[in-house]
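Please look through the sequence and the structure shown here.

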Amino acid sequence: MAVISGDPSIGPELDAWCRFTRNSLVGTAVEDGRTRWVLRYGEAPENVGEDRLVGSRLWLYTNFDCNLSCDYCCVRSSPKAPRRALGIERVRRIAVEAVELGVSEIFVTGGEPFLLPDIGEILAACAAAAPTTVLTNGMLFAGRRLETLRALPRERVTLQISLDSPTPGRHESHRGMGTWARAWKGIERAGAEGFRVRLAATVSTDTEAEEFRGFLDAHHVSEENRVIRRIALRGSAAQGLALAKADLIPEVTITAEGVFWHPVGAEDDDLLVSREIFPLAESFAAVRRAFEREHEHQRRLAMIFNCA
């Protein structure tokens, strides 16, 4: 649905209405002095993997500083962002306790993890506990960092590299000039080094998603090695899907500041579960308790609406 008006002040009211009604403001354009707001009816698309056990996936934000300043970053990473490093000692303890808790996958993200001088040790510790995927922009695989990459166990470490469009234009509008070619070079380098590479695109529309799928098909990238996700209205993003806790299946996420509901809001108070990381079993239990409370709230809310 579109709302068109010459009064731009209704924009914040529409945005607030979307947040309360679980609809989404998906686009804004100005033409001839009038603003056109495009609204999507209904809740955000259901998450893939609703049958995934809470705690089977573990996310670690190793740091928040980055070599890029992407304009939709859900945690506001940039070269000027404080590092807020999780640190190798905490990662080692998390990895040991994760084995006991039956974690089946670990995801390491940031910021840009390869900015850390000890990222090799961090990834080795994680990979010893469970198959590990590191999310990276792929632009730092040279010199000392390339040697770090080469030392990692290929059978236990996957590289998920961000590439937002088939050609440089749209990718670079979000990430900066020259970033597309450098990311593609990183993808080729990681593949040549024998790593499994997963390509991840963050897109604004279904059309962009379809364009990227065609690009991946042409390059023979299998379904299990591609991730296409929408921009979330979190962090630096000025528009995108407005995701509340109720929209997200919890995935235990740990940062230096504590335990969060999901990686898409790993610095937002509404998704904070606990400031205490250890013992890890209690962190997992806290997320499960929060999940149960969320479901209980939904059941009660449904009963209230039914009675009304």
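**Aromatic rings, strands and confidence**

Phe 114 counts as buried, because its relative accessibility is 1% and the cut-off for buried is under 20%. Phe 141 also counts as buried, with a relative accessibility of 7%. The model is a predicted one.

How many aromatic pairs are there? The count comes to seven aromatic pairs. A pair of aromatic rings is described by the distance of the centres and the angle of the planes. The ring centres of Phe 114 and Phe 141 are 5.2 Å apart and the planes stand at 80°, so this pair is edge-to-face. Planes over 60 degrees apart count as edge-to-face. Phe 114 belongs to the loop between strand S5 (105-109) and helix H3 (119-129), while Phe 141 belongs to the loop between strand S6 (132-136) and helix H4 (143-150); the pair therefore ties together parts that are 27 residues apart in sequence.

Another pair is made by Trp 261 and Phe 291: the ring centres are 5.9 Å apart and the planes are at 65°, so this pair is edge-to-face. Trp 261 is in the loop between strand S11 (258-260) and strand S12 (272-274), and Phe 291 is in helix H8 (residues 280-307), so the pair ties together parts that are 30 residues apart in sequence. Is Trp 261 buried or exposed? Trp 261 is buried, because its relative accessible area is 0%. Lys 245 lies over the face of Trp 261, at 5.0 Å from the ring centre. Arg 93 lies over the face of Phe 278, at 4.0 Å from the ring centre. One aromatic cluster is formed by Trp 180, Trp 184, Phe 212 and Phe 215.

Next come two paired strands. Strand S8 (residues 196-203) and strand S9 (residues 226-230) run parallel and are joined by five bridges. Thr 202 has Arg 229 in S9 as its bridge partner. From S8 the chain crosses through helix H7 (residues 206-218) to S9, and this β-α-β crossover is right-handed.

Two single residues can now be followed. Asn 63 is found in the loop between strand S4 (57-61) and helix H2 (88-100). Asn 63 is buried, because its relative accessible area is 0%. Leaving aside neighbours within four places in sequence, the contacts of Asn 63 include Arg 83, Arg 84, Thr 109 and Glu 112. Asn 63 and Thr 136 are 73 residues apart in sequence, and their C-alpha atoms are 12 Å apart in space.

Arg 34 has its place in strand S3 (residues 34-40). With a relative accessibility of 48%, Arg 34 counts as partly exposed. Apart from neighbours within four places in sequence, Arg 34 is in contact with Ile 4, Ser 5, Gly 6 and Ala 29. Arg 34 and Pro 8 are 26 residues apart in sequence and 7.8 Å apart in space, from C-alpha to C-alpha.

The last topic is confidence. The protein chain has an average pLDDT of 90, and 91% of the residues score at least 70. Over residues 46-50 the pLDDT is below 50, and beyond near neighbours in sequence this stretch has four contacts in the model. Over residues 302-306 the pLDDT is also below 50, and beyond near neighbours in sequence that stretch has zero contacts in the model.

Methods
Residues numbered from 1 in each chain as written. Predicted model: local features only at pLDDT ≥ 70, side-chain atom pairs only at ≥ 80, totals over all residues. Heavy atoms only, no water. Phe/Tyr/Trp six-rings, centres within 6.5 Å; stacked < 30°, edge-to-face > 60°. Helix = DSSP H or I, 4+ residues; strand = E, 2+ residues; numbered from the N terminus. Buried < 20%, exposed > 50% of the residue type's maximum accessible area, 1.4 Å probe, protein only. Lys NZ or Arg CZ within 6 Å of the ring centre and 35° of its normal. Pairing = 2+ DSSP bridges. Right-handed = clockwise from strand over helix to strand, strands pointing away. pLDDT = per-residue confidence, 0-100. Contact = heavy atoms within 4.5 Å.
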